[in-house]
Amino acid sequence: MDVMKSVQELRGYSVEMRRYFHRHPELSWKEFNTAAKIREELAAMDIPYTEVAGTGTIATLKGASDAPVIGLRCDMDALPVQEIKDLEFKSGTDGVMHACGHDAHMAMLLTAAKALSENRHLLKCTVKFIFQPAEEVVAGAVAMLESGELDDVDRICGMHIFPFSSTVPFRWMPVPGSRLRTP
């Protein structure tokens, strides 16, 4: 599987999703339309999902092997900030915008889901796509964990864009109770 080629072919999709989420921001625990859009996209990819913690979503893509279980996570909520830039995809919600990059995070995770779902026959693991609500109020992660839906996850990779950095920090961290060791 040429992952980079698959992702590059989905660039237009990724931009479309990022701009959609940027135009329709929602505050913590109020990500109802955001969750609906994410679930609509996952359904179109034929990836089953579970609604968790109100507006959160965990989708599961099974490959040829049940294990390991890899979690890919993004955050969903916007900030109570007024957007002043006049872009074609400017926030349509007065006083609320994606000022922290969560619109891009959701677009990247949906793009990864799409690329992997189109190559699911080559996967030798299970991938859980984790769309976490309420990150900005530091409450969504706990609610997602308490659901029990992530108990079988061996590794989680979270991401955050850093548009003003010339380097991209990356590290793996073990999940407590994981069956795998840290590389």
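Five strands of this predicted model form an open sheet in the order β1-β2-β4-β3-β5, with mixed pairing. Strands here are DSSP runs of E with at least two residues, helices are runs of H or I with at least four, and both are numbered from the N terminus. Two strands count as paired if DSSP finds at least two bridges between them. The edges of the sheet are β1 (49-52) and β5 (155-158), each of which pairs on one side only. On average, neighbouring strands of the sheet are turned by 20° against each other, direction ignored. Such angles run from 0 to 180 degrees between N-to-C directions, and the axes are lines fitted to C-alpha atoms, for helices over the stretch in contact.

The model is predicted, so local features need pLDDT of at least 70 and side-chain atom pairs count only at pLDDT 80 or more, whereas totals for chains, interfaces and linings use all residues. Residues are numbered from 1 along each chain as its sequence is written, and side-chain values use heavy atoms, with hydrogens and water left out.

The protein chain contains five helices and five strands. Read from the N terminus, its elements follow the order α-α-α-β-β-β-α-β-α-β. Of its 183 residues, 43% are buried; buried means under 20% relative accessible area, exposed means over 50%, and partly exposed lies in between, with a 1.4 Å probe and protein chains only. Among contacts with a separation of 6 or more, 72% join residues 24 or more positions apart, where contact means heavy atoms within 4.5 Å. The chain exposes about 10100 Å², of which carbon and sulfur atoms supply 56%. Accessible areas come from the Shrake-Rupley method with a 1.4 Å probe, and for residues only the protein chains shown count as cover.

The sheet can now be followed strand by strand. Strands of a sheet pair through backbone hydrogen bonds, either parallel or antiparallel. β1 and β2 run antiparallel and are joined by four bridges, with Glu 51 opposite Thr 57 in β2. These two strands form a hairpin with three residues between them, and Ala 53 in the turn has a positive phi of about 55°. β2 is mostly covered, five of its seven residues being buried. The pairing of β2 with β4 is also antiparallel, over six bridges, and there Ile 58 stands opposite Ile 130 in β4.

Strand β3 (residues 69-75) and strand β4 (residues 126-132) pair in the parallel sense over seven bridges. β3 pairs in the parallel sense with β5 as well, over four bridges, and the bridge partner of Leu 72 in β5 is Cys 157. In a regular strand the side chains alternate between the two faces of the sheet. In β5, Arg 155 and Cys 157 form the covered face, and Ile 156 and Gly 158 the uncovered one.

Helix α3 (residues 32-44) lies across β1, β2 (56-62) and β4, and runs at about 15° to β2. Another packing arrangement involves helix α2 (residues 11-23) and helix α4 (residues 102-117), whose axes are 8 Å apart and meet at an angle of about 145°. Residues of α2 in this contact include Tyr 13, Met 17 and Phe 21, and those of α4 include Met 106, Leu 110 and Lys 114. The contact residues divide into seven nonpolar, three polar and three charged.

Most residues other than glycine have a negative phi, and most peptide bonds are trans. A cis peptide bond, with omega about -5°, joins Ala 67 and Pro 68, and Pro 68 is placed in the loop between β2 and β3. Trp 29, in the loop between α2 and α3, has a positive phi near 65° and is partly exposed, at 35% relative accessibility. Ala 134, in the loop between β4 and α5 (140-146), has a positive phi near 55° and counts as buried, at 0% relative accessibility. Asn 119 is found in the loop between α4 and β4, where this residue is buried with a relative accessible area of 13%. Asn 119 and Ser 6 are 113 residues apart in sequence and 8.9 Å apart in space, C-alpha to C-alpha.

Methods: Ala, Val, Leu, Ile, Met, Phe, Trp, Tyr, Cys and Pro count as nonpolar, Asp, Glu, Lys and Arg as charged, and the others, Gly among them, as polar.
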